[in-house]
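Here are a few notes to read alongside the structure. Keep the viewer open and look up each residue as we go.

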Amino acid sequence: MLRGLGLFILLLTVTTVSAQNRYTLSGYVKDSLTGETLIGANISIKNKTKIVSSNQYGYYSLTLEEGSYTITCSFIGYKAREFDIEVRKNRTFNIEMMNRAALQEEVVVVSKKRVNNVKTAQLGKIDLSISQIRNIPAFAGEIDPLKTLQLLPGVRNAGEGNAGFYVRGGGADQNLILLDDAVVYNTGHLFGFFSIFNADALKNTTLIKGSMPPNYGGRLSSVVDIAMKEGNDKKFTVDGGIGLIASRLSIQGPLKKEKASFIISARRTYIDGLVKPFLKKDNKFYGSGYYFYDLNAKVNYKFSEKDRLYLSGYFGRDVFEFKNAERSFRTKIPWGNSTATLRWNHVFSQKLFANTTVVWNDYNFTFDGAQSQIEFKLQSGIRDVNVKADFDYYPYANHQLKFGALYTYHTFFPSTGSGRSGDQEFKPNNALKKFANEAALYLLDDWDISTKLKMNYGLRFSYFQQVGPYAIYTRDADGNKIDSTVYKSGENVKSYAGLEPRLTLRYSINNSTSIKGGIARNYQYIHLVSNAGSTLPTDLWVPSTYRVKPQISWQYALGLFKNFKNNTYETSVEVYYKKMQNQIEYKEGYTPNTLKDAEEDFVFGKGWSYGSEFFINKTKGRLTGWIGYTLSWTWRKFPDLNFGNRYPAKFDRRHDMSVVAIYQLNEKWRLSGTFVYGTGNATTLPERFYFIDGILTQEVGKINSYRLPSYHRLDLAAIYTPKPKKVRKIKSEWVFSIYNAYSRYNPYFIYFDQSGSAVGGDLKVEARQVSLFPIIPSVTWNFKL
């Protein structure tokens, strides 16, 4: 296998090599004040079309013919730098960039050289720095990278105040969300109203919504790759913020200057603390409350220019408690994620960069309830152990290869129930744990065929295996177990494998215009099955099994990309078509039952989505921002649902538009606003009410045959940065924001209220709308020491 892989790499990199000597320039791109590596910085050669970008660890490599060159390095929010370099031998050249904010220049937002919009072959890739995200108005002042992504075309929110999102007709589980290479299975705090990502601990967010490259896999729709900060290796700093519902604190600094550094970042809400003084001990709801907290930590050590070690982790929990002394009822619902990532960077040569990663992650949800002497507990979750190796190889100036392998061991904990009534303990044998192996090999080549034609192509081979211990039960017509097949620990229950080709092409019409096209096949072996219209912590993650097949998709995309006025304006038009096999839903009439395997109630079908996306982005000047619009259709068809007829998916949205504007008024004030509009969610509603034996009964219509009212909202923010005459140790800013400025009551769900009586002849059933948030002003004070 290794010989075959090596031969394949060799065949991919065969090119005509001139007699002239070639040498390699390589190194890291860093922030000059903090030592943080910069992801996606552009390194270009004057009078040459070739552009390379620093990788996820800030490393770049550029092979050139012998000679003299002028090299330019640019990155968003940083002052571009030019260097005159003599290339006579292989050499290491680290680049330090100066943040524009630190230069205290007249603030005119200037983006990095935006030729990437038209020059790269990758479709649908967007990099957002935390400095960009901080400018966007946020709910209750809490900066949220996932909410910012939902303002981009092709990405739609899961509903009012929800952290879930849908990309090009895919479900919420079809997005691969990574935090320092660790998969995040639940992204929401406060039942999804906030995301788990604390912006103070983050460095960069990358979204790939088109044809994802083969180094990513396991999902059908998109990748969100979030990198944590490494910690300032020059000096100690303290950052924080105090808001109306939460506060944050981050400490970072060198353990050994320019050799080792750390960062610790924490956040907690205090809704429970604010409410508690107003609830007296004799109040029947005394002891009720809600809070969430999260902790990010990272440490890194530089052994040499060739070896670096990183250890990072995340721990977050939501805790909801409700008590009613009058009814002797209490419930406690904790849930959350834990991750740990160990990474080793090694530079084998100036052309070969390697990263080896070991990841542990865990997601757990618990419902603990009691009334009088009856207690009940429900648990579910998923735990992974992952090992992978990734290589960046730069054989020639016109080729950049990535290849690697990964292995993951999954443990699934679907709904497991237990209880107690007095002294009697109820512990049914329903611990339906499932175990699985997942592995993949991939190879990718980013090839500049000519000055006009560029190709990014590759192949991923993925494998998934459900293993024991496990038992398959045969049931009679009444659901009673009558026989079983038992598998021992590690024994194969069912396995799946597939090849996933990925290809994107870019043809440059001129320096400011290009056409791109892409095709990708994806396999998804683990699934989130929901019985609700939003991503809640009660949803179940389940593996592919002997009964549940992997989801498979083909996506085709084509786009025209054009920049205007020296790259001040980026524009693009993309069209796409995606078809999906083996989609999963619960069968009609499903009710949760912890005594049997949930997959016995699954039904399977297919889905497809198509649409067009329009994007205008202004990247320079005092006024920056973008307008995005998506026109799309998303369908599902299941033989066992809706009489076998197609129906719109619950996240089908015909029209989706977002407008983002950021204006630098002066050196003290920065103003911003966002406006979003979307067609109402598809929903299923009752069409008739009638009595059966004196009981009011409803008859529902076809699945998702109705629409909720349209969704629209305006958010505003003003950021004030004091400029004292004397230099002070503490730098600060005030963030004033208004969420839902004109107090639009957007629908959360519809319910039917009954009044009067049939006997009195005045029975009335009316539809009522539930909305969550009216206008919400907030203020946050951010500081830095």
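1. Let's begin with the surface. This is a predicted model, and the accessible surface of its protein chain comes to about 35,100 Å². Carbon and sulfur atoms account for 58% of that area.

2. Now the overall make-up. The chain has 785 residues, and 53% of them count as buried. You'll find 53 strands in it, along with 6 helices.

3. In soluble globular proteins, nonpolar side chains tend to be buried together. Here the largest nonpolar core has 66 residues, and Leu179, Phe194, Phe197 and Val224 are the ones with the most contacts inside it.

4. Leaving aside neighbours within four places in sequence, Phe197 is in contact with residues including Ile143, Pro145, Leu146, Ile177 and Leu179. Its list of contacts also has Thr187 and Arg267 on it.

5. Last stop: Asp233, in the loop between β18 (222-228) and β19 (237-242). Is Asp233 buried or exposed, and what is its nearest side chain of opposite charge? Asp233 is buried but has no salt bridge. Beyond four places in sequence, Asp233 is in contact with Thr34, Gly35, Pro254, Lys257, Glu258 and Ser261.

Note on methods. Residues numbered from 1 in each chain as written. Predicted model: local features only at pLDDT ≥ 70, side-chain atom pairs only at ≥ 80, totals over all residues. Heavy atoms only, no water. Helix = DSSP H or I, 4+ residues; strand = E, 2+ residues; numbered from the N terminus. Buried < 20%, exposed > 50% of the residue type's maximum accessible area, 1.4 Å probe, protein only. Areas by Shrake-Rupley, 256 points an atom, 1.4 Å probe, with all protein chains shown as cover. Lys, Arg positive; Asp, Glu negative; His and termini not counted. Salt bridge = Lys/Arg side-chain N within 4 Å of Asp/Glu carboxyl O. Contact = heavy atoms within 4.5 Å. Core = buried A, V, L, I, M, F, W, Y, C linked by side-chain atoms within 4.5 Å.
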